[in-house]
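Dear colleague,

Please find the structure below, together with its sequence.

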Amino acid sequence: MCEVKLKPDVISLLQCVGISACEKGEQWQRALAQLSEMREVKLEPNVISYGAGVKACEKGGQWQQALSMLRTMPVRKGSVDFTVYGIAASMCEQRGQWSQVLSLFREVHVLATGG
């Protein structure tokens, strides 16, 4: 897809659709590969892409992968998608990973308050 001469925003949109399809098809490995491919060609995945990736990991029971991906998600003050963090926290809670849940809450607090 990236070899086709399309504008970066079109490619980003197609990648988002692909990642979302992977999430719905419970193909977490493919979702992560799509995110990685986007970064390799210098396209920054957006919040929707990361959200679909986290959901794909959730469906695949891959909480460690979801947290790893979440921590690579660039965040700017005021642009945090708390839904993605909520999905990750819920996934960790369901697997008894309480220290990870608390860590996510701390991260969200820092991101929301700036300190």
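Axes here are lines fitted to C-alpha atoms, for helices over the stretch in contact, and angles run from 0 to 180 degrees between N-to-C directions. Helices (H or I, at least four residues) and strands (E, at least two) are DSSP runs, numbered from the N terminus. This is a predicted model, in which local features need pLDDT of at least 70 and side-chain atom pairs count only at pLDDT 80 or more, while totals for chains, interfaces and linings use all residues. Residues are numbered from 1 along each chain as its sequence is written, and side-chain values use heavy atoms, with hydrogens and water left out.

Overall architecture

The chain has six helices and zero strands, giving the pattern α-α-α-α-α-α along the sequence. Of its 115 residues, 36% count as buried, where buried means under 20% relative accessible area, exposed over 50%, and partly exposed in between (1.4 Å probe, protein chains only). A contact means heavy atoms within 4.5 Å. Among contacts between residues at least 6 apart in sequence, 54% join residues at least 24 apart.

The nonpolar core

A nonpolar core is a set of buried Ala, Val, Leu, Ile, Met, Phe, Trp, Tyr and Cys residues joined through side-chain atoms within 4.5 Å. The largest such core has 29 residues, and those with the most contacts inside it are Val54, Met69, Leu70 and Leu104. At least two residues of this core come from each of helix 1 (8–24), helix 2 (28–40), helix 3 (47–59), helix 4 (63–70), helix 5 (82–94) and helix 6 (98–113). Helix 5 gives the most, with seven residues. Not counting residues up to four places away in sequence, Leu70 touches Val84, Tyr85, Ala88 and Leu104.

Helix packing

Two packed helices are described by the angle between their axes and the distance between the axes. Angles under 35 degrees count as roughly parallel, over 145 as roughly antiparallel, 65 to 115 as roughly perpendicular and the rest as oblique. A crossing is left-handed if the near helix is turned anticlockwise from the far one by less than a right angle, and right-handed if clockwise. For the make-up of each contact, Ala, Val, Leu, Ile, Met, Phe, Trp, Tyr, Cys and Pro count as nonpolar, Asp, Glu, Lys and Arg as charged, and the others, Gly among them, as polar.

Helix 5 and helix 6 pack at an angle of about 165 degrees, with their axes 8 Å apart. That makes helix 5 roughly antiparallel to helix 6, and their crossing is left-handed. On the helix 5 side, Phe82, Tyr85, Ala88, Ala89, Cys92 and Glu93 meet Trp98, Gln100, Val101, Leu104, Glu107, Val108, Leu111 and Ala112 in helix 6. The residues of this contact divide into eleven nonpolar, one polar and two charged.

The axes of helix 3 and helix 4 are 8 Å apart, at an angle of about 165 degrees; these two helices are therefore roughly antiparallel to each other. Helix 3 passes helix 4 in a left-handed crossing. Tyr50, Gly53, Val54 and Cys57 of helix 3 make the contact with Gln65, Ala66 and Met69 of helix 4. Five of the contact residues are nonpolar, two are polar and none is charged.

The axes of helix 3 and helix 5 come within 9 Å and cross at roughly 10 degrees, so the two helices are roughly parallel to each other. Their crossing is left-handed. Val47, Gly51, Val54, Lys55, Cys57 and Glu58 of helix 3 are in contact with Val84, Ile87, Ala88 and Met91 of helix 5. These residues divide into seven nonpolar, one polar and two charged.

Individual positions

Ala89 lies in helix 5 and is buried, with a relative accessible area of 9%. Leaving aside neighbours within four places in sequence, Ala89 is in contact with Val101 and Leu104. Ala89 and Val101 are twelve residues apart in sequence and 5.0 Å apart in space, C-alpha to C-alpha.

Ala56, in helix 3, is buried, with a relative accessible area of 0%. Beyond its neighbours within four places in sequence, Ala56 is in contact with Glu23, Trp28 and Ala31.

Asn46 is found in the loop between helix 2 and helix 3 and is partly exposed, with a relative accessible area of 35%.

Yours sincerely
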